[in-house]
Each structure stands twice: as C-alpha cells, then as structure tokens.
Amino acid sequence: GVITNAGGAVRVQTLPGQEHYPAVNANGIQSQVLSRWASSFSVTAGTKNRALEAVGRSVSTARPSTGKRPKKTLDKKAGNKDCKADIAFLIDGSYNIGQRRFNLQKNFVGKVTVMLGIGTEGPHVGVVQASEHPKIEFYLKNFTAAKEVLFAIKELGFRGGNSNTGKALKYTAQKFFSLENGARKGIPKIIVVFLDGWPSDDLEEAGIVAREFGVNVFIVSVAKPTTEELGMVQDIAFVDKAVCRNNGFFSYQMPTWFGTTKYVKPLVQKLCSHEQMLCSKTCYNSVNIGFLIDGSSSIGESNFGLVLEFVSNVAKAFEISDIGSKVAAVQFTYDQRPEFGFTDYASKEKVLSAIRSISYMSGGTATGDAISFTTRHVFGPVKDGPNKNFLIVLTDGQSYDDVRGPAAAAQKAGITIFSVGIAWAPLDDLKDMASEPRESHTFFTREFTGLEQMVPDIIRGICKDFLDSKQ
C-alpha cells in the first residue's frame, strides 16, 4: 500500500522489508517535488486491483459474490461497465481553500477517478473549477482512461477568487453535459460539488436548474463551518437546497482534506448506485404504464388476486411521482371500467393501494374495444407529456373482437404494447397486439402462478425500450 511518513514523503512498500522513495515522475524527469506528487497518485498493482474488484462487487447487486477472486477485474479500456455515469467534478478553486488544500483536493479527486474504473463503456469524467468565474477544465469526451484523467487533474492550476459555487453549479448544469461535449444518452448525469467551508453565493436556484436539466447533484462538504463561522454563512441549509434530493444520499461530509483515503470507496459506491439517481431521466422515473386487466369470468376471484399482485410488482419498480413515472389501470370484460388514470395518484403508496382495492368484474372478453378505449381515454390526456407510454395487456382467453386494428392504432399513437397471456390466451392474439420485435413483447404462462417470474423481464423490457427510444 502507499504510506506517507511524517515528513510528507511517500514511500511505496513493495515487498515486506523493501521500500524505496520514488523520485522519477511519469515522464522520467527527476524533479523531487513533482515526483512526490506523482507518487501520491501511484497505487501498487495489488491495491489497484483490490480496489477495483471491491467496487465491481459492491456495485453489481445482481449476483452475490462467490468469494473467488476473478482473474481480471475489468477490461481496462472498457472500464467498469457496472458504473455507467457521466460525472462532472466541480472543484473548489477559491481563496477560501488556498493552494495547499487545493492540491489535497486534486489528490482526492484523482483517487476517486481511479477507483471509479473509467473507460469507454464505464464512467466518464470531466472537471470544472469554481472560482470567481467557473472554468470547464476538461470535458467528458477528452479522456477515456484513468491515467490520462489523473495527469489532467495533476496539471490543474489554482485560480483563486470567491468560490461562487452556485454560479459554477448553474453553469455546469447548463453547459457541461451537451452531446457534442461527450454526454451520452440515457446515462445518469452527475455533478459532484466539492465545497471547502461554505459557498459565497446562493446554491438554491442553481440546484433547481440542475434538477430541471436532469442532473443529480452531490455535495461533498469538507471542513464545515465552525460555530463561530456560522454567522458568515448566508444560508445554513445550503446543502439541502442544492442536492438532487434531500434524503441524505446526495450529501457527503469529510472533516478535513487530510487523510481522505478512507472516504474514497464510500463516495465511489454512491456515484455508482445507478438506481438511486432520482434526478436523471431514466426508465424508472420517465414512463407512463397503463395496465389493461382482463376481468372475464374464466379467471375467477383467486386468480384475479394473482393478476393484481403482478400489476403491483411491476408498478413497484418505478419512481412514481408528479414529476416521475405514472401508472393507470383499466379493467375490461365486454365493457371497460377505468380503475384510475395517470394523474389520479402522485405517489407509489397511493397507486399500490388503488391496485389492491380493484374489485373483480366477471363477464366476457372484448380486448380490441378495451385497447381502443384505453388509447383514447387513458393515454389521450398524456400523449404530449414528456414520459414514454407503455401498455401492458393481461388476458386469459380468446378475444371476441379484432385486436389487430386497435393495437396498431395504439402503437401509431406512440404506445408500446406488452401482451401477457395466461392459460387459454391464444398466441396469435398475443402476437397481434404486441409491439415489435414481437418475441420480446409477448409473454405467456400456463398457470397464473407463473406471472410472478415474468416481472423482472417486463421491467427490463420497458427499460430497454426506453433507452432505445433515447438513442
């Protein structure tokens, strides 16, 4: 590991009992000052792999670790694919922080970039310096390898002036994440704001602008104001007002710029928690999902309960709110009964409770009419909204009317259809209703109990369609 001795020189421990003081920097130039710099970034191979391996494990929640050490943690060029994010580090370059702490800040940001696992298919990073006027030091597209980013960070000059973090945050949200500067579609945009002490201007408005642009703002505050200094802070709640959501996840506190190594990994884990990025436009918070539920008499009361459970489990995966995803449900036999519309409930709890209280109608099966009704009355009012529209049709039998025409009209109106058939539902009907490619939008199970296994595939299908539509 890397150990700093009392004199501040860095000695790299290689094997037990052996140590040397590196004195040559990356370009082979013998300059003691620079070499101390370089060595503070140098990580012995063992540590690096361990760090990356730890990140790879903590980020992927899909499968538990087997405890075996993988041969190769990640393809260097591709980077850590489990951590897709476009990240701007907004560093403090004001007189407030001073040259010495500015260097420690650069050192910390360097360690974070190494552990993130930057690469073509992993996270991309850029840096903006906040001072009197913000300056974009480099963009996401400039470097795709950690080594290059480290060098660029090391070369950053200290600008001085007031911190004007609010001004810099607003500027970064508006200017940094353009496609021509390397932002990628459908991937979370993140600004990590480093703040030494407190901002010299207002962060609240900047936070609002960032949220409007779909940017997740994190604030890493270092050396928070002491009791004596609080009088100088214009707004003590500045962190809560700027972050993406004031839920504790988007703020991070470090007592000082010294000995920050232990803070690297927890911060990286946060930045790689894709599903927590509530301010990005993702499939989880930018879709309208309509459920068209067969209430025909062949289903029966207890199976109808399993159908509602399926509907709940799909709905549960999404961030339902007035500015997020929305859910609606219609039950049909020969007639249609709207259970609730997209704008009726603005929270997940209310939607789930509305699904639970749907009562079983019992009757015939006119699926085509039901699709036409839902296209017009349920999706009609939201068709010009920002969310992508999905309809999940659940049926257990043959429809008495034509489903092909109404399904084609729904798709023409921008609605993606997943058809879910149970028991006696004919495959032809299901395929005729489903969006293209039909194979991935058609589901079937013999038994009602089989609905449960389909939930993750339906959610994944919605997310895939959402991302494809954004490309």
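Both C283 and C463 are buried, where buried stands for under 20% relative accessible area, exposed for over 50% and partly exposed for in between, with a 1.4 Å probe and protein chains only. Their sulfur atoms are 1.9 Å apart and form a disulfide, a term used here for a pair of cysteine sulfur atoms within 2.5 Å.

Before I continue, the model is predicted: local features need pLDDT of at least 70, side-chain atom pairs count only at pLDDT 80 or more, and totals for chains, interfaces and linings use all residues. Residues are numbered from 1 along each chain as its sequence is written, and side-chain values use heavy atoms, with hydrogens and water left out.

The torsion about the S-S bond of C283 and C463 is about 65 degrees, so this disulfide is right-handed. C283 lies in the loop between α8 and β10 and C463 in helix α15 (residues 451-470), so the pair ties together parts 180 residues apart in sequence. Helices (H or I, at least four residues) and strands (E, at least two) are DSSP runs, numbered from the N terminus.

How many disulfides are there by this rule? The count is 3, and the pattern is 1-3, 2-4, 5-6, with bonded cysteines counted along the chain.

C83 is joined to C272, S to S 2.1 Å. C83 is in the loop between α2 (45-59) and β4 (86-92), and C272 is in the loop between α8 (261-271) and β10 (287-294), 189 residues apart. This link is left-handed, with -80 degrees about the S-S bond. C83 is buried at 1% relative accessibility, and C272 is buried at 5%.

The link of C244 and C279 is right-handed, with 100 degrees about the S-S bond.
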